[in-house]
Amino acid sequence: MEDREFDRLLKIARLKLNDTERKRIKSDIEEIIGYFDKIDVISTHERPAYQPIHVPTRLRKDEIAHFDDVDGLKRQSKLHNGYILGPKL
Amino acid sequence: MASHIREFLGHEKPSDYYSKLAEELERTNSEYHAFNVIKKDTEAKNQVPFSTKANICVKGVETTAGSKMLRGYVPPFNATVVERMLKEGSFSFIGETNMDEFGFGTFGINTEVPARNAFDSRYAAGGSSSGSAVATALLKYHVAIAESTGGSISTPAALNGVVGFTPTYGAVSRYGLIDYANSLDKIGIMARSSDDARGVFDVIRGRDNYDVTCAIEKITNNKKGKLFVIEELLEKADPKIRSEFERLLDKLGKEYEIKTISMNILSDAIEPYYIIAMAEASTNLAKYNGYKYGFQYGEFNRRYNDFFTEARSNFGMEAKRRIILGTFIRSESVKARYYTKALMIRQMIINEMGKVLKDGFVISPTLPIPTPKIADVEKLTPVQNYALDVFTIPPSIGGFPHLTFPYAYVNEMPIGAQIITEQANDYALLDFSSKWEESFQYKYKHNIGSL
């Protein structure tokens, strides 16, 4: 894999690697993609199976439900004046 | 084998039973690392202890899925399986068990402090539900709620000599499970007997409005008289495993007709499985951004992309590898070649296995090699590692129920075999292994909580 392509993937995945990680993961990924390439020889015209079973569309009634642990959710994050803090856009 | 659940519920216990159990478990856990969390302040009253894998949400209990990215995440709700276990009344939550980060592993080593095999702590516990299996092999009266994507129940169950039951995809609700790969993840059970696994299955299975994929309502028990051995898969087993497995077939041959058949497509199941799993994993892990769940990066003066990228350095090596590969596989230029093709091969596998499974069970060893030492597993390359899932991936990619049971002890380490049936025929597997247990006594080195 070209360095440019590898860097593009890192950017999309929002990952940063140190030099040791980069060397090891890039080489592993090249080996794994080579392994995946074995599927090229399989001939198939099946429809893609997005799920292993048939999953029927089941809609439930759109009803208002009470959730009583808002504090439990807020405890997961840093707050400022009761609002969840996030990074700059 | 008698149900441990029934035996436990039928016995009087001293008033300090649960506190002493937690103390002894804590001491033993310092060697085996089966549990990430042990609940000490239990209010249990004559209830069977149950554990949950660390990717199943338990209200008020830190649930990290074995990842530093989720350190500090305390769910404000219970997963449906936990809610159902607690509501049933016979079970009491004892703790959360160790696992490979987000389920990414065959041997339980992809986490900060790996669990160790309950028979010999120098050996691998198996993964990714490593702690669930070790906990089951340590505790005399206990059931584990585990989870499998591509063999994460079967492999550790086999290496620790316990029953590992992975139900049909869609038979058990996954609401409250921290996803790895949505079209492959199944919540299942580990126990010391098939009857115990059945008891828990009946509690946790069934439709759930919170999980649309939980679509398998009716479970059958179509018994089979034939056992099929897949030639192309058995060829991949180490000679020692193969000779033990052939001895098992000799024993089973008295009850079942054994037939060796060829199913070439199954030797090509590993690649499409990992393609699908990594594509789905990379999308699922996109939500971990350093401020919403668990780990708080805290440098809020950073720009969004920098913040996000720095925070995600907390993923472990295997998680990073799978995110990058999954991102590659989903790229527009190669998506049809890898992802869509893998989904088409999955349909081929479902069709071909489905035809065979109408006539009989498929049986195989669970792992192609004897239990490895942790030090040896650490030397494997990712491809060598993935190739060891050869027996557990075919049922996993097709959503077929499968069950691992111990059948031999070599050098005092257990060996497991795996049996597969058609979708929604789960009870037939549990009956098969219940019958096996009538003539084969499982052995354990530890029996914490004995009465």
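Select B:Gly103, B:Gly105, B:Thr106, B:Gly127, B:Gly150, B:Gly151, B:Ser152, B:Tyr180, B:Tyr273, B:Tyr274, B:Arg322 and B:Asp389, which line the largest cavity (a cavity is a set of points on a 1 Å grid over the protein atoms alone where a 1.4 Å probe fits but cannot get out, and lining residues have an atom within 4 Å of a point). This is a predicted model, in which local features need pLDDT of at least 70 and side-chain atom pairs count only at pLDDT 80 or more, while totals for chains, interfaces and linings use all residues. Residues are numbered from 1 along each chain as its sequence is written, chains are lettered from A in the order in which they are written, and side-chain values use heavy atoms, without hydrogens and water.

Colour the lining by residue class: three nonpolar, seven polar and two charged, with Gly counted as polar and Tyr as nonpolar.

Next, display both chains. Here 55 residues of chain A are in contact with 77 residues of chain B (heavy atoms within 4.5 Å).

Now select B:Arg337 and A:Asp40. They form a salt bridge with the closest N and O atoms 2.8 Å apart (a side-chain nitrogen of Lys or Arg within 4 Å of a carboxyl oxygen of Asp or Glu). Across this interface, six salt bridges are found.

Finally, select helix 2 (19-36) of chain A, a DSSP run (H or I, at least four residues). Helix 2 gives the most to the side of chain A that touches chain B, with 10 residues.

Technical notes: 1 Å grid on protein atoms, 1.4 Å probe; cavity = no way out; pocket = protein on both sides within 12 Å on 5 of 7 lines; lining within 4 Å. Helix = DSSP H or I, 4+ residues; strand = E, 2+ residues; numbered from the N terminus.
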